[in-house]
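Visitor: Could you take me in for a close look at the place where the ligand sits? I would enjoy one connected tour, with the cut-offs spelled out as we go.

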Amino acid sequence: MADNKVYRASTTAPVNIAVVKYWGKRDPKLNLPTNSSISVTLSQADLRTLTTASCAACFADGDSLTLNGELSDVSGARIQACFRELRARRAVLETADPSLPKLSRMALKLVSENNFPTAAGLASSAAGFAALVQAIANLYELPDSPAQLSLVARQGSGSACRSLFGGYVAWRMGDKEDGSDSMADLVAPASHWPNMRALILVVSAAKKGVSSTSGMQQTVATSGLFRQRISNIVPTNMAAMEQAIKTRDFAKFAEVTMRDSNSFHACCADTYPPIFYLNDVSKAAIRAVESINAKAGKAIAAYTFDAGPNCVVYYLDEEAPTVLGTFSSVLGSGVTGWKEGSAGIRSSVELEDGIASALRDGVSRVIMTSVGEGPLKTQQYLIGEDGQPV
Ligand code: DP6
């Protein structure tokens, strides 16, 4: 009898923000990095991608992906690599047990949605590829561990491999040519250091900057400073960061986070021609964090920036009055995103007028979040039992 069933599975996956940055590929085809990296997985209550993967013998139009309501191109090499790897793993199961439905031969229909505005310019590719890989793995009932799935997600987007885990996550660069040891690894679960918080200052960029993929290629090809970064700076920062996380040493965590962000952006400036991701608002955010730490007499806040002007500030919940208070004193209720009365907190940290006005003019919204869990299976479906988007 013909199999008319629509097979479905859904997952959510988190965003992660690196504290030791991935920047540089030693193999662009397999997406193998020039250095290891570490990130913090952010709470899915605030930032997550929800993806439903489905397949059916009657899906006649080939593989498809609808992203935030728009049909997306699936012909790219990266997404094709993910489909190929996952189908191969399913095919192994089908060969071992011929009674299993032949899902690996059916077209895939994927529907995906973010719970945060794409316009915020937040790196959504990590959550997106992690959700895509995990949703298909759920659909195919693969026995693979998060680390094994991270090998697949890495080929979609490097940083995505770290979103297969919650908490504090390392991406070990590995040294094998085929990339089979370049995967994510849990440094500590979210419960190990649950009072970690992140305040994201969303800074509107006038025009779209250089993409990470092309920016890092230009850095690898032209920056001398970058060679110093991958041979000395990152190995030192990796060891110090792992130690800081294991011992819950926030001052050390903060120093390494800020130094590593500075090192990464210095390598961007050393790229020829130079790449600038930070703008005057980003620099004002750095100065504000410095003022907070100077007043506290120790590092209680840490800034970090990816390939764009948005600032992520890490801090511990017990320091919220000072850290949040400094930013809310300046931004007040003029921006959206404050939670539970935090717009009204005032701190005694005084920022220079130029810094306060740059933040007031340039920060369009804030996102308050915390450390969170890895992908979560859900019964919420974006595709109905009839195979149509819902
Ligand atoms: C600055 O993971 O977006 O955010 O592998 O080319 O997709 P591709 O790059 P991507 O790069 C992220 C770079 C970063 C640092 C980081 O997340 O570690």
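Predicted model: local features only at pLDDT ≥ 70, side-chain atom pairs only at ≥ 80, totals over all residues.

**Around the ligand**

Guide: The ligand lies between domain 1 (7–190 + 373–378) and domain 2 (196–370), because both give residues to the shell around the ligand; the domain bounds come from an automatic or database domain assignment. Residues are numbered from 1 along each chain as its sequence is written, and side-chain values use heavy atoms, with hydrogens and water left out.

The ligand is surrounded by 18 residues, where a residue counts as near if one of its heavy atoms lies within 4 Å of the molecule. The closest are Tyr-22, Lys-25, Ser-157, Ser-159 and Thr-213. Sorted by class, the shell holds six nonpolar, seven polar and five charged residues (nonpolar: Ala, Val, Leu, Ile, Met, Phe, Trp, Tyr, Cys and Pro; charged: Asp, Glu, Lys and Arg; polar: the others, Gly among them). Helix H4 (residues 212–222) gives the most to this shell, with three residues; helices (H or I, at least four residues) and strands (E, at least two) are DSSP runs, numbered from the N terminus.

Now for the polar contacts, each a pair of N or O atoms within 3.5 Å. An N or O atom in the side chain of Lys-25 is 2.6 Å from an oxygen atom of the ligand. For Ser-157, a polar side-chain atom lies 2.7 Å from a ligand oxygen atom, and for Asn-31 the distance from such an atom to a ligand oxygen is 3.2 Å. Taken alone, the ligand exposes 460 Å², and the protein buries 94% of that (accessible areas by the Shrake-Rupley method with a 1.4 Å probe).

Most residues other than glycine have a negative phi, and most peptide bonds are trans. The peptide bond from Tyr-272 to Pro-273 is cis, with omega near -5°; Pro-273 belongs to the loop between helix H6 (250–269) and helix H7 (280–296).

Let us finish with the sheets, in which two strands pair if DSSP finds at least two bridges between them. Strand S5 (residues 37–41) and strand S10 (residues 168–172) share four bridges in the antiparallel sense, and Ser-39 has Val-169 in S10 as its bridge partner.

Another open sheet has six strands in the order S8-S7-S9-S6-S1-S16, and its pairing is mixed. At the edges stand S8 (70–72) and S16 (376–378), each with a single partner strand, so one side of each is left without a neighbour in the sheet. Strand S7 (residues 64–67) runs antiparallel to S8, joined by three bridges, and Thr-66 stands opposite Leu-71 in S8.

Note on methods:
Polar contact = N/O pair within 3.5 Å; in protein donor to acceptor, adjacent residues only side chain to side chain.
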